[in-house]
Amino acid sequence: MQTFNLHTHTDRCGHAIGSDEEYVQAAIKAEIKVLGFSDHVPWSTAKLFTERMPMDRKNDYLHSIEHLKHKYRDQITILSGYECEFFPDMADELLLRKAEVDYLILGQHNPKMDVRDFARHNDDDDLLIYADLIEQACESGLFTYMAHPDYFMKGRNHWNARCIEVTHRICQAAKKANLPMEVNLNGMRYGMQEYVGLGDRFAYPFFEFWQIAAQYDIRTVFGFDAHKPVTLTEDFRYNKVVEILDGLSFSWVEDPFSIIK
Ligand SMILES: [Zn+2]
Ligand SMILES: [Zn+2]
């Protein structure tokens, strides 16, 4: 099992629970050696606060992580980060956020600020926007890894030629930028949904996506995407995901410091 986790939320985003310290204690219990907080980044122009921390919670977030880094320094290495969308018109602000933390991960949840989530619904045209933004994000060089690249399957009920096309585009972009991709351990929190011709599945990891990804020489990372402290201690998530990806092989990142930038 991986001994680091760079995908950890806090209650500031409006849809996670638990204190910051409880996440740290859960990680220690799970024998995680490096824990990175990567809550949903605040954007100055955002208006929806059920999806991300408001800007006025940012300093509290950064101070809390600094405090915990110090307090638990003999037990665990704690890092600060943000999970961010890539919006081309917000690139300058993203640079400011990057300067505040140890790393950024890419989580392309929306096509535009506060505009509908790819996980709620997306059509074939939306997928082109999704791929386009991810390609630009890869080229930006700002990110340590790409979270849940198969996130779009949450907003669909079928896998088709467009899904295949964008999966290749995403993998090519990640390969070119040498950006690892995350196999998300928390896609199962939504339960299963029915996919035409494929039956009931968790939205991600989505086997057909990773079957294509396995053809590329891309490094992969597990991410708990914890929105509750207990998630970090739940081994069944690995077992379930290994079962979903049965037969595929990847080159897993062993040292988080080899990818952090
Ligand atoms: Zn979240
Ligand atoms: Zn995410």
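**Close-up views of the predicted model**

**View 1. Strand S6 and its pairing with strand S9 in the predicted model**. Strand S6, residues 181-184, is covered on both faces, with Met181 and Val183 buried on one side and Glu182 and Asn184 buried on the other. Four bridges join S6 in the parallel sense to strand S9, which spans residues 219-223, and within this pairing Asn184 stands opposite Gly223.

**View 2. The buried face of helix H1**. In helix H1, residues 20-29, the buried residues are Asp20, Tyr23, Val24, Ala26 and Ala27. Viewed down the axis of H1, these buried residues fall within an arc of 165°, and therefore they line one face of the helix. Their packing partners are strand S1 (4-5), strand S2 (34-40), helix H2 (58-71) and strand S3 (77-84).

**View 3. Positive phi at Glu31 and at His148**. Most residues other than glycine have a negative phi, and most peptide bonds are trans. Glu31, placed in the loop between H1 and S2, has a positive phi near 60°, and Glu31 counts as exposed because it has 10 C-beta neighbours inside 10 Å. His148, in the loop between strand S5 (145-146) and helix H5 (161-177), likewise has a positive phi, near 20°, but His148 counts as buried because it has 30 C-beta neighbours inside 10 Å.

**View 4. The cis peptide bond between Tyr204 and Pro205**. The bond that joins Tyr204 to Pro205 is cis, with an omega of about 0°, and Pro205 is found in the loop that runs between strand S8 (199-201) and helix H6 (207-213).

How values were computed
Residues numbered from 1 in each chain as written. Chains lettered and ligands numbered in written order. Predicted model: local features only at pLDDT ≥ 70, side-chain atom pairs only at ≥ 80, totals over all residues. Buried ≥ 20, exposed ≤ 12 C-beta atoms within 10 Å, placed from the backbone. Helix = DSSP H or I, 4+ residues; strand = E, 2+ residues; numbered from the N terminus. Arc of directions from axis to C-beta. Contact = placed C-beta atoms within 7 Å. Pairing = 2+ DSSP bridges.
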